[in-house]
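This briefing describes the fold of the protein shown below, for use alongside its sequence and coordinates.

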Amino acid sequence: MQSQAKDVTTYLEEVPAEWQAALVQLREHCRSLLKGFEESMRYGMPCYSRNDVVEIGFASQKHFIGLYILRTDVMKTHQDLLKIKGVSLGKGCIRYSKPEKIDFEVVKKMLKATVESKGEVC
């Protein structure tokens, strides 16, 4: 679902209560690890861009929390760490069926790898 929120703080206030803590934690990791990236609302979700190119995003969807890692090399490198029940992968999307399925250590590795990546953005 695309949000009409004008900023990330408002977006986080609108998400379902049972997913809010996980999304706040995702935001905190993005803000602390993605140095040189700009936080904004694009495509109805929080996004992090560098040189006006979105590389990271996350969203509260109806049946999952989506984390969008748009550097293809970063997704490819970490995909084996994401093969667990309750997690499904798309080209640049990780879908977590429940907040408890999010391994924040893996997320932090992917965020750090994104900062270093010069690979293609999907």
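**Sheet, helices and core of a predicted model**

Six strands make up an open sheet in the order β1-β2-β3-β4-β6-β5, and their pairing is antiparallel. Because β1 and β5 (87-89) are the edge strands and have a single partner strand each, one side of each is left without a neighbour in the sheet. From one strand to the next, the twist averages 20 degrees. The structure is a predicted model, and the points below follow its elements by topic.

**Strand pairing**

- Strand β1 (residues 38-42) and strand β2 (residues 45-50) run antiparallel and are joined by five bridges.
- These two strands, β1 and β2, form a hairpin with two residues between them. Arg-42 stands opposite Met-45 of β2.
- In the turn of this hairpin, Tyr-43 has a positive phi of about 55 degrees.
- On its other pairing, β2 is antiparallel to β3, with four bridges between them. Cys-47 has Gly-57 in β3 as its bridge partner.
- Helix α2 packs on the sheet and touches β1, β2, β3 and β4. The direction of α2 makes about 165 degrees with that of β3.

**Helix packing**

- Two packed helices are described by the angle between their axes and by the distance between the axes.
- For helix α2 (residues 17-33) and helix α4 (residues 104-116), the angle is about 35 degrees and the axes are 10 Å apart. The crossing of α2 past α4 is right-handed.
- From α2, the residues in this contact are Ala-22, Gln-25, Leu-26, His-29, Cys-30 and Leu-33. They meet Phe-104, Val-107, Lys-108, Leu-111, Lys-112 and Val-115 of α4.
- Sorted by class, the contact of α2 with α4 comprises eight nonpolar, two polar and two charged residues.

**Nonpolar core**

- In soluble globular proteins, nonpolar side chains tend to be buried together.
- Here the largest nonpolar core has 38 residues, and Leu-67, Ile-94 and Tyr-96 are those with the most contacts inside it.
- At least two residues of this core come from each of α1 (8-14), α2, β2, β3 (53-60), β4 (65-69), α3 (72-78), β6 (93-96) and α4.
- Apart from neighbours within four places in sequence, Tyr-96 is in contact with Phe-64, Ile-65, Leu-67, Leu-82, Gly-86, Val-87, Lys-101, Ile-102 and Val-107.

**Loop residues**

- Asn-51 lies in the loop between β2 and β3. Although Asn-51 is not a glycine, its phi is positive, at about 55 degrees.
- Is Asn-51 buried or exposed? Asn-51 is exposed, with a relative accessible area of 73%.
- Asp-52 is also placed in the loop between β2 and β3. Its phi is near 65 degrees, a positive value in a residue other than glycine.
- Asp-52 has a relative accessible area of 59% and is therefore exposed, the cut-off being over 50%.
- Arg-71 belongs to the loop between β4 and α3. With a relative accessible area of 10%, Arg-71 is buried, since buried means under 20%.
- Which residues does Arg-71 touch, not counting those up to four places away in sequence? They are Arg-50, Glu-55, Thr-114, Ser-117, Lys-118, Gly-119, Glu-120 and Val-121.

Notes
Residues are numbered from 1 along each chain as its sequence is written. This is a predicted model: local features need pLDDT of at least 70, side-chain atom pairs count only at pLDDT 80 or more; totals for chains, interfaces and linings use all residues. Side-chain values use heavy atoms; hydrogens and water are left out. Axes are lines fitted to C-alpha atoms, for helices over the stretch in contact, and angles run from 0 to 180 degrees between N-to-C directions. A crossing is left-handed if the near helix is turned anticlockwise from the far one by less than a right angle, and right-handed if clockwise. Contact means heavy atoms within 4.5 Å. Ala, Val, Leu, Ile, Met, Phe, Trp, Tyr, Cys and Pro count as nonpolar, Asp, Glu, Lys and Arg as charged, and the others, Gly among them, as polar. Two strands pair if DSSP finds at least two bridges between them. A nonpolar core is a set of buried Ala, Val, Leu, Ile, Met, Phe, Trp, Tyr and Cys residues joined through side-chain atoms within 4.5 Å. Buried means under 20% relative accessible area, exposed over 50%, partly exposed in between (1.4 Å probe, protein chains only).
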